[in-house]
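You asked for a quick read of this one before you start clicking around. Have the sequence and the viewer open side by side, and take the points in order.

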Amino acid sequence: MTVKEFELQFRKLYLPLGMYALRIVDDADDAEDIVEDTFLKTWQTIEEGKEIDNFRAFIYRTVRNECISFLRGKKDTIGPEHIPEIDEETVDTSERDAKIWRAIDDLPEKCRDIFLMSKRDGLSNEEIATELNISIKTVKNQMTKAFSRLREALSDGYKPFFLPFL
């Protein structure tokens, strides 16, 4: 695997792997560290001459193992037997979540902030309006704009897209 091929895999899989690790370790900073360490160790393995036939399967398995190792180092955590095996549904869910977060990141700043205050933080339109010192109508308009842009960004062709909230 060349440096360029590895970089392409990194760009493609970093966020989905982060979402996958986050489900296991339940902390965004720890999940990010695990994924970064996994890519570093994987590159070192490749530099040593090891061939990786199925990079995606290899990197997901490695992240899972790194998450298990991380959890073993913590007290009062679940054992590896409670962490589900990696299957297509797990990978698809991680990739879907990454696509959603990319679409959210692409929203205009004001729109994204209002959307996240509503969906991530659970604030009502009234609470958002008060906190940002804007009208409720502005909040509603920005939410409508966010949903419209997210549906557009996340739909494949003409199929309707259901937007799950994490």
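Here are my notes, point by point.

1. Some ground rules come first. This is a predicted model, in which local features need pLDDT of at least 70 and side-chain atom pairs count only at pLDDT 80 or more, while totals for chains, interfaces and linings use all residues. Residues are numbered from 1 along each chain as its sequence is written, and side-chain values use heavy atoms, with hydrogens and water left out.

2. Now the overall layout. Helices here are DSSP runs of H or I with at least four residues, strands are E runs of at least two, and both are numbered from the N terminus. Of the 166 residues, 33% count as buried; buried means under 20% relative accessible area, exposed means over 50%, and partly exposed is in between, using a 1.4 Å probe and protein chains only. Take the contacts in the chain with a separation of 6 or more: 63% of them come from residues 24 or more positions apart. A contact means heavy atoms within 4.5 Å.

3. Start with H1 and H2. The axes of H1 (residues 3–25) and H2 (residues 28–47) come within 8 Å and cross at roughly 145 degrees. Axes are lines fitted to C-alpha atoms, for helices over the stretch in contact, with angles from 0 to 180 degrees between N-to-C directions.

4. What kinds of residue make up the contact of H1 with H2? They divide into 16 nonpolar, three polar and three charged. On the H1 side you will find, among them, Phe-6, Leu-13 and Leu-17, and the H2 side includes Ile-34, Phe-39 and Trp-43. For the classes, Ala, Val, Leu, Ile, Met, Phe, Trp, Tyr, Cys and Pro count as nonpolar, Asp, Glu, Lys and Arg as charged, and the others, Gly among them, as polar.

5. H1 also packs against H3. Their axes come within 10 Å and cross at roughly 35 degrees, again in a right-handed crossing. Residues that meet here include Phe-6, Tyr-20 and Ile-24 in H1, and Phe-55, Ile-59 and Cys-67 in H3. The tally for this contact is 15 nonpolar, one polar and two charged.

6. H3 itself (residues 55–72) has 18 residues and reaches 26 Å from its first C-alpha to its last, close to the 26 Å expected at 1.5 Å a residue. That expected span is 1.5 Å times one less than the number of residues. Among the buried residues of H3 are Tyr-60, Thr-62, Arg-64 and Ile-68.

7. Leaving out residues up to four places away in sequence, Thr-38 touches Ile-59, Thr-62, Val-63 and Glu-66. Thr-42, also in H2, is buried at 1%. With neighbours within four places set aside, Thr-42 is in contact with Phe-6, Ile-52, Phe-55, Phe-58 and Ile-59.

8. How many disulfides are there? The count comes to zero, taking a disulfide as a pair of cysteine sulfur atoms within 2.5 Å. Cys-67 is buried at 0% relative accessibility, and Cys-111 is buried at 1%.

9. Check the backbone at two loop residues. Most residues other than glycine have a negative phi. Asp-26, in the loop between H1 and H2, has a positive phi near 60 degrees and is exposed at 68%. Asn-133, in the loop between H6 (125–132) and H7, has a positive phi of about 55 degrees and is exposed at 72%.

10. Last, a look at H7 (residues 136–154), where Glu-152 lies. Is Glu-152 buried or exposed? Glu-152 counts as exposed, because its relative accessibility is 64%. From Glu-152 to Ala-103 is 49 residues in sequence and 9.4 Å in space, C-alpha to C-alpha.

Key:
A crossing is left-handed if the near helix is turned anticlockwise from the far one by less than a right angle, and right-handed if clockwise.
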